[in-house]
Amino acid sequence: MISKLLARRRFVQALTAAGVGAGFSGFTPAHAGVDQPSETLGQNAARGGIDLVIRRQKLNIGGRETTATTVNGSIPGPLLRFRDGENVTIRVKNELQESSSIHWHGLLVPTDMDGVPGVSFPGIKPGETFTYNFKLRQSGTYWYHSHSGTQELSGLYGPIIVDPVESDPFTYDREHVVVFSDWTYEDPNRVVAKLKKLGSYYNFQQRTAIDFFRDASRDGWQKTVADRMLWGRSRMDPTDILDVTGYTYTYLMNGCSPDLNWTALYRAGERVRLRFINASAMTLLDVRIPGLKMTLVQADGQNVQPVTVDEFRIAPAETYDMIVQPDGDQAYTIFAEAMDRSGYAAATLAPREGMRGEVPARRKRPLRTMADMGMAMTSGAMPGEKGKAPGGMSMPSGGGDQPKVEKMPGMDMPSEAVPGGKVKTTGGMSMPSSGVVQPKVEKMPGMDMPSSAVSVPKAMAAKHGPDHHGPGNSMVAMNPESRLNDPGVGFEGDGRRVLVYTDLRRLQPNPQQREPVREIEMHLTGNMDRQMWSFDGKQYWDAKEPIPFVYGQPLRVTLVNDTMMDHPMHIHGMWMVLDNGAGSSMPNKHTITVKGGEKVSFIVTPDEIGKFAFHCHLLLHMELGMFRVVSVSGTPKGANT
């Protein structure tokens, strides 16, 4: 059986290399076999390393011939499979006409092996080969992608599996890797140019006059007119769900468009592990398998306490491992609907090839509310006007008024915490508040820290208003709050059990999780009309200094999303421990989605020295400014002092 599968795979690869593999939609990854035998690029030590080649070539995707950036001739690139503790050698040759790179997303590697041009290494020049060497110290489902320009959007990505030394703490009979991606036949630079000219260029689901009269008949004229005026004055649109939509995107699953019916096989009664990876450049996807429950066992490669759901939202860069148990002689549809409902990816889970499950109808496009913008306002107050928001917050005026700070019980403001001055932190360190501002600390319900933990110093709240985020920000979330138990827009009233971040709990509690010794607050800022994205109103090229982290020192990072868009945030080289109220069971994540108008905290404890990237994983947001560098300094464990 395996020899037949390998022969079939090599035949398909040969067709694609020749540019004639139309029937396979350009999909010839190493993991494409029906039963997915582990004939992947792995067994590193025995083979003396892995060789990857990056090139541009013609492929057939979704029935159309196009040019893509491939790894070893396929989209996605080959599956790389290793074992925890293994010393990995990967030689990457660049056959493009421009510089390239590969970043090992979610893998904890030294800075010079992280693959970010201009931050951790110079990039791989045309015609050159770069050798990555690092030791693995984790297991789970991960992926790799380019960190150069828009190459990721044009096909340069692939899956990684790191097997544990011991058996997984859950059982399954077979597995399938499922890689989601979004594909456009347009030049990615053309996509950017269109968005810069008109931020809503790809949004063909905006509200119309018909919607106005329907809403007026339901809610009344006064309320409907007031709602439209609020959105108009904010220069926002409640249908702005995704920047790039199904108008230009073809949504792929393992490189296949829905009509090609990629099929994952099962035998009745088997427990099937589906390793879901969202390699999309710009699309959050809502995934379900009608007729089947899914049990989450890993999130971002880390074991979690099992939770059974009907559906989950997966942002770009996240990975979720689900166990399903199909039964009978029937086909099930793996259905991944774009968050804005403008398109979908679909494949089949079936007992044999040639079967196809029913594709469910797309749901109605969702609408954002003022709460999704962190502005659950009353009295019709808008940015630039005086008014009251829930929680006693004051809306800023055009003159730069600041929101009123609610003093927490026991919260004493240190006199040295002055904007532009220095805020003293535990251990005698000082941080310039002009670059990294120290906010107050809020303990989430259920968050139990060891009694030996170091307390977080108190400090003044960050300045927060339109005048203080600059022209790169068009709104401010005046009443941001944690909504980790909210799956997000688009799930209202359908009755399905949807995965939320408060469901995520480490399988084994970590009683050694230390209290952070300091905290920084950063605001995710942007202007949708102008497609300017930033931290604290500053785009990457305007931020002069890296964000300072200290080796081995726990740090709480609080992100306040001042935009209405969801941002999946990723820090390279370290875990983010999501503060979701689970105490010692707070989960490790390499990517955390911050919903529009939301406030989210996580803890990082850097264990590598050097510079690492911190950015939004919506590719165009990163490329258009929502990118920073963190610099980890200090003395590594065991180093001579």
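Is Glu 337 buried or exposed? Glu 337 is buried, at 0% relative accessibility; buried here means under 20% relative accessible area, exposed over 50%, and partly exposed in between (1.4 Å probe, protein chains only).

1. Basis. The model is predicted: local features need pLDDT of at least 70, side-chain atom pairs count only at pLDDT 80 or more, and totals for chains, interfaces and linings use all residues. Residues are numbered from 1 along each chain as its sequence is written, and side-chain values use heavy atoms, with hydrogens and water left out.

2. Salt bridges overall. The whole structure holds 30 salt bridges, each being a side-chain nitrogen of Lys or Arg within 4 Å of a carboxyl oxygen of Asp or Glu. One network of them links Arg 81, Asp 163, Asp 168, Glu 175, Arg 273, Arg 275 and Asp 321.

3. Arg 288 and Glu 337. The closest N and O atoms of this salt bridge are 3.5 Å apart. Because Arg 288 lies in strand β14 (residues 285-288) and Glu 337 in strand β19 (residues 332-338), the pair ties together parts that are 49 residues apart in sequence. Strands (E, at least two residues) and helices (H or I, at least four) are DSSP runs, numbered from the N terminus. Arg 288 is buried, with a relative accessible area of 4%.

4. Glu 95 and Arg 55. Their side chains form a salt bridge of 3.2 Å, N to O. Glu 95 sits in the loop between β5 (87-94) and β6 (103-105) and Arg 55 in strand β2 (residues 50-61), so the pair joins parts 40 residues apart in sequence. Glu 95 is partly exposed at 36% relative accessibility, and Arg 55 is partly exposed at 29%.
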